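Hi everyone, thanks for coming. I'd like to walk you through a structure, so please have a look at the chain on the screen while I talk.

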Amino acid sequence: MKSITSSTISLHFHAFPPNPPKASSFRRAQAPPKRRKKPLPKPKRPPIFTEKDAFPESLPLHSRNPRFVYKDIQRFARQNKLRQAITILDYLDNQGIPVNPTTFAALIAACVRTKSLDHGKQIHTFIRINGLEKNEFLRTKLVNMYMACGSLEDAHNLFDESPSRSVYPWNALLRGSVILGGRRYREALHTYFEMRELGVEMNVYSFSNVIKSFAGSSALSQGLKTHALLIKNGFIGSELLRTSLIDMYFKCGKIKLARQLFEEIGERDIVVWGTMISGFAHNRLQWEALEYMRWMVDEGIRPNSVILTIILPVMAELSAWQLGREVHAYVLKTKSYSKQIFIQSALIDMYCKCGDLENGRRVFYRSNERNAICWTALMSGYVANGRLEQALRSIVWMQQEGSRPDVVTVATIVPVCTELRALDQGKEIHAYVVKNYFLDNISIVSSLMMMYSKCGVLDYSVRLFDGMRQRNVILWTAMIDSYVENRHLYGALGVIRSMLLSKHRPDSVAIGRMLSICGELKNLKLGKEIHGQVLKKNFESVHFVSAEIVKMYGICGVVSYAKLVFDTIRIKGSMTWTAIIDAYRYCGLYKDAVDLFDEMRAKGFTPNHFTFQVVLSICDEAGFVDDACRIFNLMTRKYEIKASEEHYSLISGLLARFGRTEEAQRFIQLSSSLSQQKALEPSL
């Protein structure tokens, strides 16, 4: 029997009506039915605009006077509810009720906070309708709003239309250029020079914005001139300007000048102290930052939330666990600080970087409100302590709790997938990146490329690279590394040639990669070309670049060039000495290589782990048994470098080859005890 499908059943139901007509009415049923005239649809009435529509969250207009309506608009502005506020403005315009400048100022401030250019333009239109276009206060606010929203053309057009040439619109232009940052600092400088040429009387806020622009562009010479101008015009007594100058000197790397200016200040407030601590931290002077923190507390000034977020990362970098605990106690004592997300995440990061993962987790799980920043801090802590699987699982737990990973979270977790070779999880993160429009972030794309290349999926790395319209040196270097990781050296060579022909010039890291590939392929011609690029860009002072040049010439068999480059290096280090020893090894000059090692030590240079690895390999290849034993003893006893299993097996194998079995057996026993110790380590 054939089975009846659902489609067949539905066909039968449509073919035969459920109630067939009677026989007497058959003829009538066959006759065509009379069509009933459908009533014409009633025309839709246009929507009536009422006070209720205008005031979705307030009382009708007829029960209020305009002053209370203004307060309603200002309340919406404080809540960043610009759509509702504009609805009320539209209703007031229809009713012919004017709006005061204070209300418009509150709305413009909300546009600045939300970076809402469209709403800002609508509010600008209402200002014109209300006849307040020439109001200097509102005009200044509008210029600032356009600059903050990135619409420089509108800001300059409005500024040029202004009949007044007071300092306030100029200050708005300066402030907007500083906030935008990047290349806009040049515009700030241009505005400053134009103000001086036109004789605009600058005030404290003008100079403060100008000094901030000098700090951003590191224009030290202009900063010094402005400092002298402030002294000449009597502005140097302003605490705001002195703080701005200290910040500028720190950002320009002039620590001594910043200290001198700080010591000239009699009464120091918390802003000045915070600028000093932040400046030291910015210049990697962590101990000085801690010293000034203690000095500030001794002066009777308690750190605020800003200083706490500056000093906790400093303690994390110094592994100052005890000091971190004291700061944590202070945070708990001041209950308002313990609820702030940035301080919580800084505490988590501090504990994890100090190796105290337990306390870091305790801070995390005791926080009432956890966002992406806290989760990212915990993931970074897991990564720093080698718990990669937990870091990878955390991104799942994070989303289950309702937090969405941001760009920093993704940038933290992609390298974890790379280390674990977790291709499936990496693909899921890649899909999340595409869905949330993170592919414009070059750092994330380069990390994804390395993840795919480490997992052996080179095609995906190439697709990501080809899909990027805007490329920089980081992306080109990641593409080269992807080919090298999969041992496609000639593919890497093709990328190098394409990069050299592009507008992007390689930096020192990319140059180092290129020299390494030229060495492995023994492509001396291209190696010489890249050496020329190094000399042209003055990269020879970078230690790893000069070491790669020496090594490249050695691998290509031109030891005389390697020695010539080595001799021209002014400041040598263990990296360059290791490179020349390795170069002699590649050319088969084993005795000369060992002599270079002894010369290195005689001149006061300290060999590192890689140096000993190269020299011991030379002794193994050349059969220098006595030298190998001597160098091994130097490594373990004098320089206190822990020997690995490979070192023990290399020495024992060399001794066994030359019939020194008893000594070889002793090294074998030492190697086995080391392996047993490693096996016990995870259970401790």
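Let me start with a term: when I say helix, I mean a DSSP run of H or I of at least four residues, and the helices are numbered from the N terminus. Is Gly573 buried or exposed? Gly573 has a relative accessible area of 17%, and buried means under 20%, so Gly573 counts as buried. Along the sequence, Gly573 and Thr606 are 33 residues apart, while their C-alpha atoms are 8.4 Å apart in space.

Now the whole chain. Please keep in mind that this is a predicted model. The mean pLDDT of the chain is 83, and 87% of the residues reach 70 or more. There are two stretches to handle with care. Over residues 1-49, pLDDT stays under 50, and the model has 5 contacts there beyond four places in sequence. Residues 59-63 also stay under 50, with 7 contacts of that kind. Where pLDDT is low, the predicted coordinates should not be read in detail.

How many helices and strands does the chain have? The count is 40 helices and 0 strands. Of the 684 residues in the chain, 45% are buried. If we take contacts between residues at least 6 apart in sequence, 61% of them join residues at least 24 apart.

Let's move to the pockets. The largest pocket has a volume of about 500 Å³. Its lining has 21 residues, and those nearest the centre are Thr140, Asn144, Asn171, Ala172 and Arg175. Four helices each supply at least two lining residues: helix H6 (101-114), helix H8 (136-148), helix H10 (167-180) and helix H12 (204-217). Which helix gives the largest share of this lining? That is H8, with 6 residues. By class, the lining of the largest pocket divides into 10 nonpolar, 6 polar and 5 charged residues.

Helix H19 (321-333), helix H21 (341-353) and helix H22 (357-366) each supply at least two of the lining residues, and H19 gives the most, with 5. Here the classes come out as 6 nonpolar, 6 polar and 5 charged.

Next, a tyrosine. Tyr192 lies in helix H11 (residues 184-198). With a relative accessible area of 1%, Tyr192 is buried. Which residues does Tyr192 touch, leaving out those up to four places away in sequence? They are Leu174, Met202, Phe207, Val210, Phe214, Thr226 and Leu229. Tyr192 and Leu173 are 19 residues apart along the chain, and their C-alpha atoms are separated by 9.7 Å.

Last stop: backbone angles. Most residues other than glycine have a negative phi. Arg421 has a positive phi of about 55° although it is not a glycine. Arg421 is in the loop between helix H25 (407-420) and helix H26 (423-435), and is partly exposed, with a relative accessible area of 43%. Glu640 has a positive phi too, near 50°. Glu640 sits in the loop between helix H38 (625-638) and H39, and is exposed at 67% relative accessible area.

That brings us to H39, residues 645-657, where the 13 residues should span 18 Å and the end C-alpha atoms are 18 Å apart, in agreement. Buried residues in H39 include His647, Tyr648, Leu650 and Ile651. After H39 comes Gly659, with a positive phi near 80°.

That's my tour, and I'm happy to go back to any part of the picture.

Technical notes: Residues are numbered from 1 along each chain as its sequence is written. This is a predicted model: local features need pLDDT of at least 70, side-chain atom pairs count only at pLDDT 80 or more; totals for chains, interfaces and linings use all residues. Side-chain values use heavy atoms; hydrogens and water are left out. On a 1 Å grid over the protein atoms alone, a cavity is a set of points where a 1.4 Å probe fits but cannot get out, and a pocket is an open set with protein on both sides within 12 Å along at least five of seven lines; lining residues have an atom within 4 Å of a point. Grid points are joined across faces, edges and corners, and a volume is the space filled by probe spheres set on the points. Ala, Val, Leu, Ile, Met, Phe, Trp, Tyr, Cys and Pro count as nonpolar, Asp, Glu, Lys and Arg as charged, and the others, Gly among them, as polar. pLDDT is the predictor's confidence in each residue, from 0 to 100. Contact means heavy atoms within 4.5 Å. Buried means under 20% relative accessible area, exposed over 50%, partly exposed in between (1.4 Å probe, protein chains only). The expected span of a helix is 1.5 Å times one less than its number of residues.
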